[in-house]
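Dear colleague,

Here is the structure I said I would pass on. My notes on it follow below.

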Amino acid sequence: MNELLAARSLTTLPVVTLGGDAVAQVKDTVFDAAAGRVTGFTLSGRGLLSGPLKQSLPWSAVHALGPYAVMIRDALVLQDTSAVVARREAQQGRVLHAKVLTDEGAEVGTVLDVIVEGGAGGRVVGFRIAAAKALVQGSRRHRHRVYVPRGETLAVSGRALVIPADATRYVAEDLPAFVARVDAFRAGREGTAS
């Protein structure tokens with residue numbers, strides 16, 4: 001599995017051509033929640049006083065996504081912003097602050113961030129959530145923030161995100177530990193599909 005990145009950490013990453021030119025920076029990440037994939041990025045100019053660009057970066061034009069830059073072939077791959085954000089998936093992909101429910105009806109938390117696999121796939125593998133007491137036992141004064149796998153049966157309404165109940169068995173406290181938990185979750189799901 002490629003390195004996992006929090007969508008919020010992608011904000012302000014430089015967009016760099018394979019020739020080494022920084023042409024923009026990431027403003028927001030847009031994704032298709034139902035398909036579990038990043039569909040692109042809205043962009044802003046480079047520098048302190050630069051504002052949003054009228055161009056965006058569709059995922060199909062991303063050469064690679066890493067922790068320090070989004071790599072593209074050249075600046076010609078940028079498209080009109082409406083090509084990325086006007087899509088139906090982008091409007092339905094709002095999950096930050098949505099309640100996280102299991103397919104068995106239990107509320108397990110609230111979405112804080114989306115976890116994306118780096119490289120060229122753009123796959124959403126899970127979510128960082130403020131865990132409800134039912135998911136993680138602990139002090140009432142301290143809300144746990146944990147990572148939970150996405151699962152394949154995802155539903156998003158804008159107010160609620162539905163994950164498989166068995167995904168709650170693969171919760172991790174930090175992002176490095178979450179890599180192994182995602183692999184274990186996938187292995188467990190493949191084992192039950194046979």
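**Sheet, pairs and bridges**

Val26 has Leu43 of strand 4 as its bridge partner. Another bridge into strand 4 joins Asp28 to Thr42. Please keep in mind throughout that this is a predicted model.

Both bridges belong to the pairing of strand 3 (residues 22–32) with strand 4 (residues 37–44), which is antiparallel and runs over seven bridges. The two strands form a hairpin with four residues between them. Gly36, in that turn, has a positive phi of about 70 degrees. Strand 4 is mostly covered, with seven of its eight residues buried.

Strand 4 also pairs with strand 5 (residues 52–58), again in the antiparallel sense, over four bridges. In this pairing Phe41 stands opposite Leu57 of strand 5.

These strands are part of an open sheet of seven, ordered 6-7-2-3-4-5-8, with mixed pairing. Its edges are strand 6 (62–65) and strand 8 (79–80), each of which pairs on one side only. For the protein chain as a whole, the secondary structure amounts to four helices and 14 strands.

**Aromatic pairs**

The count of aromatic pairs comes to three. One of them is formed by Phe41 and Trp59, with 6.1 Å centre to centre and 55 degrees between the planes, and is tilted. This pair links distant parts of the chain, since Phe41 is in strand 4 and Trp59 is in the loop between strand 5 and strand 6, 18 residues apart. Phe41 is buried at 0% relative accessibility, and Trp59 is buried as well, with a relative accessible area of 11%.

Another pair is that of Tyr147 and Phe178: the ring centres are 5.6 Å apart and the planes are at 35 degrees, so this pair is also tilted. Tyr147 lies in strand 12 (residues 145–149) and Phe178 in helix 4 (residues 175–193), so the pair ties together parts that are 31 residues apart in sequence. On burial, Tyr147 has 11% relative accessibility and counts as buried; Phe178 is buried with a relative accessible area of 0%.

**Salt bridges**

How many salt bridges does a search of the whole structure find? The search finds two.

- Arg73 and Asp74 form a salt bridge in which the closest N and O atoms are 3.4 Å apart. Arg73 is exposed, at 54% relative accessible area, and Asp74 is partly exposed, at 23%.
- Glu117 and Arg123 form a salt bridge through their side chains, at 2.6 Å from N to O. Glu117 is buried, with a relative accessible area of 8%, whereas Arg123 is partly exposed, at 27%.

Arg73 and Asp74 turn up again in the surroundings of Thr17. Thr17 is in strand 2 and counts as buried, because its relative accessibility is 6% and the cut-off for buried is under 20%. Leaving aside residues up to four places away in sequence, Thr17 touches Val23, Met71, Ile72, Arg73, Asp74 and Ala75.

**Backbone**

Most residues other than glycine have a negative phi. Which residues here depart from that pattern? Thr12 has a positive phi of about 75 degrees although it is not a glycine. Its place is in the loop between helix 1 (7–10) and strand 2 (14–17). His97, also not a glycine, has a positive phi of about 75 degrees too. His97 is in the loop between helix 3 (88–92) and strand 9 (99–102), and is exposed, with a relative accessible area of 56%.

**The chain as a whole**

The protein chain has 194 residues, of which 45% are buried. Its accessible surface comes to about 10,000 Å², and carbon and sulfur atoms account for 51% of this. Of the contacts between residues at least 6 apart in sequence, 50% join residues at least 24 apart.

Regards

Notes: Residues numbered from 1 in each chain as written. Predicted model: local features only at pLDDT ≥ 70, side-chain atom pairs only at ≥ 80, totals over all residues. Heavy atoms only, no water. Buried < 20%, exposed > 50% of the residue type's maximum accessible area, 1.4 Å probe, protein only. Contact = heavy atoms within 4.5 Å. Areas by Shrake-Rupley, 256 points an atom, 1.4 Å probe, with all protein chains shown as cover. Salt bridge = Lys/Arg side-chain N within 4 Å of Asp/Glu carboxyl O. Pairing = 2+ DSSP bridges. Phe/Tyr/Trp six-rings, centres within 6.5 Å; stacked < 30°, edge-to-face > 60°.
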